[in-house]
Amino acid sequence: MSVLTRDEAQARVQFLDVQRYTIDLDLTTGEETFDSRTVIQFTALADGDTFVELKPATLRSISLDGHPLNPADLDENRFPLTALTAGPHELRVDAAMRYSRTGEGMHRFTDPTDNETYLYTQLFMEDVQRVFAAFDQPDLKSVFALTVTAPEGWTVLGNGIAQHTGDGHWTLAPTPPVSTYLVAVAAGPWHSVTTEHAGLPFGIHCRRSLAPHLDADSDEIFDITRACFDRFQEKFDEPYPFDSYDQAFVPEFNAGAMENPGLVTFRDEFVYRSAVTDTERQTRGMVIAHEMAHMWFGDLVTLAWWDDIWLNESFAEYMGYQTLAEATSFTDTWVDFGVARKGWGYDADQRPSTHPVAPDPAAVPDTASAMLNFDGISYAKGASALRQLVAWLGEKDFLAGINTHFARHKFANATLADFIDNLASATDRDVHAWADQWLRTTGVDTLTPHITETDTTWSLTVDHQGTRPHRITVGTYDHAIDTQAGPERLVLRDRFDIGIPHDTPQDSATARTGRRPALVVLNDNDLTYAKIRLDPDSWNTVLNNLSGIPDALTRAVVWNAARDMVRDGELAPTTYLEAARTHLPHETDLALLQGVLAFADTQVAARYVTPGQRPAALATLTALTRDLIRRTEDGTHPGLRLTAVRHYIDAATQPDTIHGWLTDGTVPGGPELDPELRWRILTRLAVLGATDETAIAAELRADPSATGQEGAARCRAALPTPEAKAAAWHALFTDDTLSNYLFTATAQGFWQPEQTDLVTAYVPRYYPEATALAARRGPAIAEAAGRHAFPAHAIDADSLHLGEQALTDQALTPALRRKLTDQIDDLRRALTVRDAH
């Protein structure tokens, strides 16, 4: 397949003006393909040649201005349009297109619960070509008018209001000018809940088998949707630009969600069929807010080329957290961002694959390279940079610049230069210099405090490793005088702002009266993006009193400092575990509890300690989670208890207790085991060799849902037998029939730290077989193979050598190469951490 280059896109946008697509989709032609008929009305701005993109199963006919063209001229995914004359033209294309089972293009899913079938599109980057013919680049915006034929009893959703005209025929209202990748269709026997707000129809939709669960949460989802909608209407001068707002929760979705205008699609794990914590509900709310922000930043104003993807994602990420905190009951969103999201950016920014938030255009020469930038830098680091920008610029001037940006570029495209110019128009500050320092550079700055004291004063200086300016808050804390049980409380003495490097005379005058505080925390309110260190006295205070810090966001900053120190080899992984053991039983913030436990489990216990240390690490996690379970017996902290139960299961080294829970159907004192907990226990029992195929099949009969199928695949791959491993490997790398979600579940079960000897022979097989798989099945499966099927627990010099050799293979697809580059660097870091301690 030919990928579109930036040079080609720039040439084509100068050559074409595209006015309208009229698209007719027939979804009644069978289980493998659907019919796609497209009429494109466009103007050639000069005489010359160009091409249109499509990836058909069969190209039946194509004509230009009524003259038939030869379908055999299709070259991979490009059809040449030669000898065009300046002026208007009409291109007609009739093709059969393949359904996808990998979440790309038109994905087809049959629900195993009730055998109902659902279809939805995911057209990002290049996948519109799997559904209809298009001049496929973001700066050739057009009006899209769709009609869809679907089986009787189905509902069709799209970017505009849908009308059923009878006999399974649906007409979607034409869109305003939007980019090709934002066109969306979803069809099936959806369960829908509808309302109206601000004069617009709002709807939420899911599979029928999930209807009771959507209904149970519909009020919450609509409340968040309305509150965020109203807050964005207050922030932005431009009104909401589309005619309706539908949110469809769709199966086997590769991303968290997609900002299709008027029809946002979400992974349907956000329709909770099992118990979840309030932090997980907050995450769903943040994603709702994030996607809604895209209606303006991404949909109304769209990037011109993919080097500016951060303009979409960083903005939506920042606005998602900020607006949810402002408009809903989820007021502590930045704690979750700090402990669960920000590390994604820090990690990505320290790998060889790092790139600037706003990369040089030359670094994104084509669509294949652009796909690699959907990472922690474009999302978490970019959002952190915007948060620091708002702290430096002030929200009033920031929003004034944003509204100028919308006004100047609505229903059109914009670049980084446009964005910075529009921000600069609202302030006297040098936004261009800020952008050069923050958006055009890579890596993470490190801020380390140095404290000196006399009998009556103490002074702070900050060692700044890095190049970016920072505006931060310093928090100082003293020991409280009380007699409560547990770690001693700390009380806030003072907070003060400083610039790094010093940007005002006051910043350099850091002498403070009084004795030095017990704890000094740089970046206390987490408004900048930098690794933070503690001075020795503050670190000793933290080890004894971390859970006594009064503010959850400050605790998040401190836990992140400890996390970074572990990853940098400056803090023993076992010390981190002991700190968690000491302080998490007293933690009240769910986001912090979940974030710290996740790092302790998936990184420290699974990768950073040696195999000989792993049993002790799991014992520490078991003792910690047992304490949390005991603490929550009174039922007052159900989210804490659920989190503790999950991690107790994952850390189990003996099967008796969790097997008893599975048999009884409940944890003593609650909760009762819902499907998520039952499959979680069964997976751990499989790892420990304490269950078998008979039990897995019985559980699947009790829960034949899509998530049940995934649970069974995970369990079967986790069984510690040669036969189970061979069958799982064949399913992953040979037969090519697994959907994207079943592939991921199987891969998650395959590699287990407890089964190193059993799967050692598969480590050298992984690289050539993953390379061939990625070439056969495309980017979505390549990404899953690199992320989930990678032998992450094979941490030794031989595995590192194999990985480094694999990266020399020129046959690696870009998507797989990027994932392997990251994974191998993480493997190298894990070895360094082990060697340091």
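This is a predicted model: local features need pLDDT of at least 70, side-chain atom pairs count only at pLDDT 80 or more; totals for chains, interfaces and linings use all residues.

Residues are numbered from 1 along each chain as its sequence is written, and side-chain values use heavy atoms, with hydrogens and water left out.

**Colour by pLDDT.** That is the predictor's confidence in each residue, from 0 to 100. The protein chain has a mean of 96, with 98% of its residues at 70 or more. Now select 505-509: pLDDT stays under 50 there, and the model has six contacts (heavy atoms within 4.5 Å) beyond four places in sequence for this stretch.

**Select 797-806 and 814-836.** These are helices H27 and H28; helices are DSSP runs (H or I, at least four residues), numbered from the N terminus. Their axes come within 10 Å and cross at roughly 155°; axes are lines fitted to C-alpha atoms over the stretch in contact, and angles run from 0 to 180 degrees between N-to-C directions. So H27 is roughly antiparallel to H28 (the cut-off is over 145 degrees).

Show side chains: Ala797, Ser799, Leu800, Gly803 and Glu804 in H27 meet Ile824, Leu827, Arg828 and Leu831 in H28.

**Jump to Thr541.** You'll find Thr541 in helix H12, residues 536-545. Buried or exposed? Thr541 counts as buried, at 9% relative accessibility (buried means under 20% relative accessible area, with a 1.4 Å probe and protein chains only). Beyond neighbours within four places in sequence, Thr541 contacts His479, Leu490, Ala518, Leu519 and Leu546.

Conventions. Helices (H or I, at least four residues) and strands (E, at least two) are DSSP runs, numbered from the N terminus. Angles under 35 degrees count as roughly parallel, over 145 as roughly antiparallel, 65 to 115 as roughly perpendicular and the rest as oblique. Buried means under 20% relative accessible area, exposed over 50%, partly exposed in between (1.4 Å probe, protein chains only).
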